[in-house]
Amino acid sequence: MISKLYRQLTAQKSQEDDAKHFFLLVFSIFFVKLGDALASVKIILPWLMAQLGAPAFLIGALVPIRESGALWPQMFWGSWVSHYAYRRWFYAMGCLVQGGCVLLMALSAFFLKGAAAGWSIVWALVVFSLARGLCSVVSKDVLAKVVPKEVRGQVSGVSASAAGIITVAFGVLLFLGLASQLPLAWLLVAAGFAWVLAALGYAWIAEPPGETSDSRSLSESLSALFLLRKNSDFRCFVLMRACLISSALAAPYLIVLAQKLGADWLNFGLFMAVSGLASMASGVIWGRLADQSSLRVLRWVAFSLVILFLVMSLVLFWLESVGGYSLVFAFFVLSILHQGVRVGRSTYVVNLAEGNQRTYYVTVGNTVIGVILLLCGAVTAAIAQWSLSWLFLLFTLMAASAWLLSWFLPNVES
């Protein structure tokens, strides 16, 4: 697979740099995704905090903090980096900060208990998320500068599949009890060093100078929000993406259902292995499909989410419970679809604009989504306290809205 991509990229001598950049990006993103898996806010951190006796409301805040903290400040990150011609160093710096934060979480787990451990992990996650937002702003711009449009989706896809292989292997060891004596905090240590390697790989990229603009004031940064009013395609994309956040919000509630079952064979190692298997099986496929048509990927994923959430909602309405094997299968399918959302939306927005306009699209869109995510996180948490059946029905309506909105967007790859 990788050798075939290399031959495609180096068909002409002038494209050898594209091939080198492709593999450096794959190397870097591989370690980012591996770090994400080893310090997952959907699986590892909730399990660890529960073991440490952290308050339940702090555990419930992990996903909204992780997702929204990486999104809403991006408009301000974008205004900062937009007047620098070389931006890969911002990404490398962001990776180092993320790695440091995860190592601090590990130290908290080793030396603290209860609320003290919970608050330490949450505050480290806040800083982690802010650094993640900086990396998100820079990554799409650098990707567009050094990798041809026809293989951009495969950078993320190949990386996700490679990281998935490692995650599956380690998850299986944990599930079988072969690594059961390993404290979860050591997973965070490994994740921290993964981000250090990601920073080194990204710093090696020979990034060409890009378009720059003068430093903008806070009011000028906020004025970029008018892009939502001026550009109907961008506005529709942001609305569709807002509806697709259901794929991120739903995963922790499947873990909640699994914990309620209390079956001995349902442990975090199994869900870690299933999540890795989903990335390994779907990453390259989603990448190839996104290079053909990222809009089609988003449309397929939205429709599939409608079916998954509707089935979950109906099962919970009628049976008030879900079998263990059904939960694992649902988590596997959701992980595949969420991977499709991530690859599809990032490829679409990169191809939707050019130059600094791309940075504005990414930052404005992510800022709006970050605010929406906080609001949706609060609403879904309140509904979950009342009924998971109605919660998954809400997720069904959100996915259906995303599917309908996708029909109003242009195909940017054509």
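Reply: Happy to! Start at Gly53, which follows helix α3 and has a positive phi, near 80°. Helices here are DSSP runs of H or I with at least four residues, numbered from the N terminus. Please keep in mind that this is a predicted model, where local features need pLDDT of at least 70 and side-chain atom pairs count only at pLDDT 80 or more, while totals for chains, interfaces and linings use all residues. Residues are numbered from 1 along each chain as its sequence is written, and side-chain values use heavy atoms, leaving out hydrogens and water.

Helix α3 itself covers residues 44–52, and seven of its nine residues are buried (under 20% relative accessible area; exposed is over 50% and partly exposed in between, with a 1.4 Å probe and protein chains only). Those seven are Ile44, Leu45, Pro46, Trp47, Leu48, Met49 and Leu52.

Now for the core. A nonpolar core is a set of buried Ala, Val, Leu, Ile, Met, Phe, Trp, Tyr and Cys residues joined through side-chain atoms within 4.5 Å. The largest one has 126 residues, and Leu254, Leu305, Phe392 and Phe395 have the most contacts inside it. Helix α16 (residues 268–319) gives the largest share of this core, 18 residues.

Phe392 and Phe395 are among the buried residues of α19. That helix has 19 residues (388–406), and at 1.5 Å a residue it should span 27 Å, which agrees with the 27 Å between its end C-alpha atoms; the expected span is 1.5 Å times one less than the number of residues. Setting aside neighbours within four places in sequence, Phe392 is in contact (heavy atoms within 4.5 Å) with Ala250, Tyr253, Leu254, Phe309, Met312, Ser313 and Leu316.

Aromatic rings are worth a look too: there are 14 aromatic pairs. Rings of Phe, Tyr and Trp (its six-membered ring) pair if their centres lie within 6.5 Å; planes under 30 degrees apart count as stacked, over 60 as edge-to-face and the rest as tilted. Phe30 and Phe31 are edge-to-face, because their centres are 4.8 Å apart and their planes at 75°. Both Phe30 and Phe31 are buried. Tyr91 and Tyr202 are stacked, since their centres are 3.8 Å apart and their planes at 15°. This pair links distant parts of the chain, with Tyr91 in helix α7 (residues 88–111) and Tyr202 in helix α10 (residues 184–203), 111 residues apart.

Terms used: Helices (H or I, at least four residues) and strands (E, at least two) are DSSP runs, numbered from the N terminus.
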